[in-house]
Amino acid sequence: MIVGVQPLAGFDKLLHYKVPEHLRAEIHRGSLVRVPILNRPQVGLVLEADTIADVPVERLKNILEVMQDYPALTPDLLALAKWMHVYYAARMESVLEAMIPAAVRDGTRLKEERFLGLARPATPDELVALKKKAPQQARVAEFLAQQFQLVKKSLLLSRLGVTAAVVTALVKRGLVREEVRHVERVAYADNWSGGEVVTGLPPKLNPEQTAVVDSVGESLTKGKFAVHLLHGVTGSGKTEVYLRAVEQVLAAGGSAIYLVPEVALTPQTVSRLRGRFEAAGHQTVVWHSHLGEGERLDGWTALASGKARVVVGARSAIFAPVRDLRLIVVDEEHEPAYKQDETPRYHGRDVAVYRAKLAGATCLLGSATPSLESFANVKSGKYRLDVLTKRVDDKKMPDIQIVDMRIEVMRQRGLVTLSRLLVNHMQARFERREQTILFINRRGYSSSMQCRKCGHVEQCPHCSVAMTYHRADETLKCHLCGHQRGSPAVCPSCAAPDIRWRGLGTQRVEEAVRRVLPRARMERMDTDTMSKKHRFREILSEFRAGKIDVLIGTQMIGKGLDFPNVTLVGLVDADLSMHVPDFRANERTFQLLVQVAGRAGRGDRSGEVVVQTFTPKADAIQYAKRADFDGFAEVELGVRKQFQYPPYRHLIHHLFRGKNPEKIKFYAEHWVKQVEKALGSAVEMRGPTPSPIEKVKDEYRYQIWYFCARATKVVPELVRLQAEMKWPDDVTQILDVDAMSLM
Ligand SMILES: Nc1ncnc2c1ncn2[C@@H]1O[C@H](COP(=O)(O)OP(=O)(O)OP(=O)(O)O)[C@@H](O)[C@H]1O
Ligand SMILES: [Zn+2]
Ligand SMILES: [Zn+2]
């Protein structure tokens with residue numbers, strides 16, 4: 001038998017090998033194997049079993065070893081890998097590396113730890129002799145004699161600075177015994193970012209929830225591919241619906257994958273899930289970036305062997321090797337965090353839908369603010385829409401108040417951080433011992449320009465995105481199409497003289513709060529505090545315990561937080577997300593407003609939300625105020641349609657970078673001509689233009705945008721053209737299919 005193997009060792013080509021008789025029964029498509037490459041054993045994955053080689057059979061080498069009893073990739077994952085390879089123009093090797101964790105690729109069959117202990121104490125004579133002849137062995141023997149329990153071998157070796165040979169010699173002498181143990185840890189045992197595991201009886205579903213659970217349940221029972229989009233307002237009990245769907249799958253013997261945007265930022269959700277499933281006797285694998293290699297291997301093994309049937313994790317959990325996949329939940333499906341910003345640049349939600357299709361499973365996407373991509377799929381009949389229109393227990397939706405900062409600036413004369421309305425509300429909360437969260441959006445882009453008097457932001461006439469200010473040559477440029485104009489000295493709309501950008505940092509806000517509430521206890525959560533490992537969790541539990549009155553942070557902390565005592569939420573500068581050079585800016589702003597507002601009034605008392613903006617009439621703000629997703633979606637989809645932006649066409653980003661700007665520009669321009677010739681009207685191109693960030697680490701960057709109706713047609717063509725052309729070594733290219741960030 002001959003098999004086709006994709007190496008995972010920097011060798012991007014399918015290679016053929018013979019399978020020796022004794023390995024035939026073990027080898028399948030998707031098996032991890034060791035094969036000789038350039039006379040060295042390397043790890044690879046069997047992509048084709050029982051195939052025909054492109055070289056004479058006598059010249060083929062043998063597979064050396066099959067690394068696991070079960071295939072690392074199930075058939076649906078193999079098909080998924082092939083699709084990702086083509087769709088995202090990513091090398092097969094990089095796709096497989098994303099799918100199979102390093103701990104698995106490096107491959108022991110099961111994680112083993114070696115432990116050492118004393119077999120018998122050395123006699124005094126023996127010890128004296130040892131000290132003379134082999135002082136290192138003596139040290140190990142003495143060390144072990146002082147221990148109460150077995151000691152990890154690796155730990156002992158590094159602690160005493162001796163080699164394994166020293167231990168082996170002691171074992172031979174019969175003084176030391178070595179023991180192999182399979183250590184299984186439950187991921188999250190140290191609770192890096194999760195709080196306590198929440199247990200308790202599940203609540204009785206309300207009628208709306210029941211209807212959604214039934215609707216999803218129907219698809220689960222049918223057992224065919226289906227996608228449901230759950231649009232449920234904040235606090236409407238979406239998580240409870242996901243839980244019930246997963247429970248139905250587990251009860252029927254199937255498996256489920258539950259995706260969250262980021263595990264570290266959703267400790268509450270993770271705790272709830274574990275509490276529920278583990279109480280019912282289902283091992284729950286939590287898949288996150290802080291897992292140790294051993295924990296990762298254990299989790300993977302538990303899923304691949306069918307011992308665990310549910311996994312919760314960020315986007316890479318979509319590749320979990322579960323058996324009999326019946327359901328994929330994508331919580332907060334609108335989150336840009338689902339898109340990976342390095343190769344392979346896949347979108348976790350889109351991959352989830354595709355995997356569900358391959359597996360014949362149900363995909364349940366949920367959000368209070370669905371992405372327009374998913375919503376458009378509902379309108380075209382591809383996805384089924386389920387809704388939760390009310391908060392649980394008939395709690396009121398928070399009341400959103402908009403503060404016009406233009407008036408505020410006029411009244412207060414000069415730079416204003418906090419409006420009087422927001423300050424009054426905060427003071428009232430402090431007196432009543434209720435809590436406030438202030439959000440600052442960090443997506444702000446300092447080179448945008450906004451008039452502080454009338455709120456005007458200059459837009460590109462061709463692209464409906466904000467123009468970018470370039471200080472070097474005093475111009476405004478559109479980085480989508482390259483259109484430019486001199487930067488205005490006065491506001492083009494109201495002729496006010498000062499139109500420079502001023503963003504607010506978390507520190508500025510903190511100072512402003514100190515001035516108005518000097519006695520309040522306050523914490524700041526931003527990238528500084530987040531980087532300190534345990535700080536995030538600490539702050540959240542202090543906040544929950546009521547030890548903090550005002551929490552200041554970026555919208556990153558807003559995800560899925562459920563604090564009953566928060567009755568006021570302030571969004572300090574709504575404009576920061578709105579006037580950025582990105583056609584999704586309105587959508588992001590709408591999402592941000594609705595999501596942060598959703599953090600208020602989740603307990604017994606109703607909540608208030610204060611939004612500060614220089615452009616109070618903007619659609620995103622007005623529709624968010626009325627919590628009108630459908631209205632917003634209609635208007636925004638209209639604009640997208642007019643400009644033929646996603647979801648009406650696919651958007652592909654092509655970056656060229658290198659040390660020599662002329663060379664980069666030359667090749668990018670030459671390339672555009674080739675694409676025009678080859679693809680004609682199948683693709684619309686914008687650029688090449690300098691990237692909004694023109695230079696990074698001494699490399700210049702040019703970019704091209706492609707708009708096309710069918711990415712599956714265009715991407716392979718681009719890849720083919722790339723391979724045909726001759727490129728200099730110092731020009732690097734990156735293709736990003738369905739790019740999420742335009743900055
Ligand atoms: N049927 C129910 N009866 C009583 N309480 C419920 C019910 N369903 C959910 N809850 C509780 O209501 C709260 C909010 O629910 P949940 O977190 O599921 O909402 P959500 O829609 O996911 O919210 P968000 O999207 O804003 O994070 C939780 O504390 C949850 O335990
Ligand atoms: Zn103005
Ligand atoms: Zn433009």
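## Around ligand 1

Helix α9 (residues 238–251) supplies the largest share of the shell around ligand 1, three residues. Helices and strands here are DSSP runs numbered from the N terminus, with helices being H or I of at least four residues and strands being E of at least two. In total, 19 residues surround ligand 1, and the closest are Pro 203, Thr 234, Gly 237, Lys 238 and Thr 239; a residue is near a molecule if its C-beta atom, placed from the backbone, lies within 6 Å of it.

Sorted by class, that shell has ten polar, five charged and four nonpolar residues. Ala, Val, Leu, Ile, Met, Phe, Trp, Tyr, Cys and Pro count as nonpolar, Asp, Glu, Lys and Arg as charged, and the others, Gly among them, as polar. Ligand 1 lies between domain 3 (207–393) and domain 4 (395–444 + 503–639), because both give residues to its shell. The domain bounds come from an automatic or database domain assignment.

## About the model

This is a predicted model, in which local features need pLDDT of at least 70 and side-chain atom pairs count only at pLDDT 80 or more, while totals for chains, interfaces and linings use all residues. Residues are numbered from 1 along each chain as its sequence is written, and chains are lettered from A and ligands numbered from 1 in the order in which they are written.

## The whole chain

The chain's secondary structure comes to 24 helices and 29 strands. Its radius of gyration is 29 Å, close to the 27 Å that the globule rule gives for 743 residues, so the chain is as compact as a globular protein of that length. That radius is taken over C-alpha atoms, and the rule is 2.2 Å times the number of residues to the power 0.38. Along its principal axes, the C-alpha trace spans about 95 × 70 × 60 Å.

Buried residues make up 45% of the 743. With C-beta atoms placed from the backbone, buried means 20 or more other C-beta atoms within 10 Å of a residue's own, exposed means 12 or fewer, and partly exposed is in between. Of the contacts with a separation of 6 or more, 75% are between residues 24 or more positions apart; a contact needs C-beta atoms, placed from the backbone, within 7 Å.

An unreviewed UniProt entry annotates Cys 451, Cys 454, Cys 491 and Cys 494 as "binding site". They are spread over 44 residues of sequence but cluster in space, with a largest C-alpha distance of 8.6 Å. UniProt positions follow the numbering used here, feature names are shortened, and annotations may be inferred rather than shown by experiment.

Cys 491 sits in the loop between β21 (484–486) and α16 (506–516), and Cys 494 is in the loop between β21 and α16 too. Cys 491 is buried, because 21 other C-beta atoms lie within 10 Å, whereas Cys 494 has 13 and is partly exposed. Leaving aside neighbours within four places in sequence, Cys 494 is in contact with Cys 451, Lys 453, Cys 454 and His 456.

Most residues other than glycine have a negative phi, and most peptide bonds are trans. Ala 495, in the loop between β21 and α16, has a positive phi near 65°. Gln 644 has a positive phi near 55° and belongs to the loop between α22 and β26.

Cis peptide bonds turn up as well: one runs from Pro 646 to Pro 647, with omega near 5°, and another joins Gly 687 and Pro 688, with omega about 10°. Pro 688 is in strand β27 (residues 683–696).

How values were computed
Contact = placed C-beta atoms within 7 Å.
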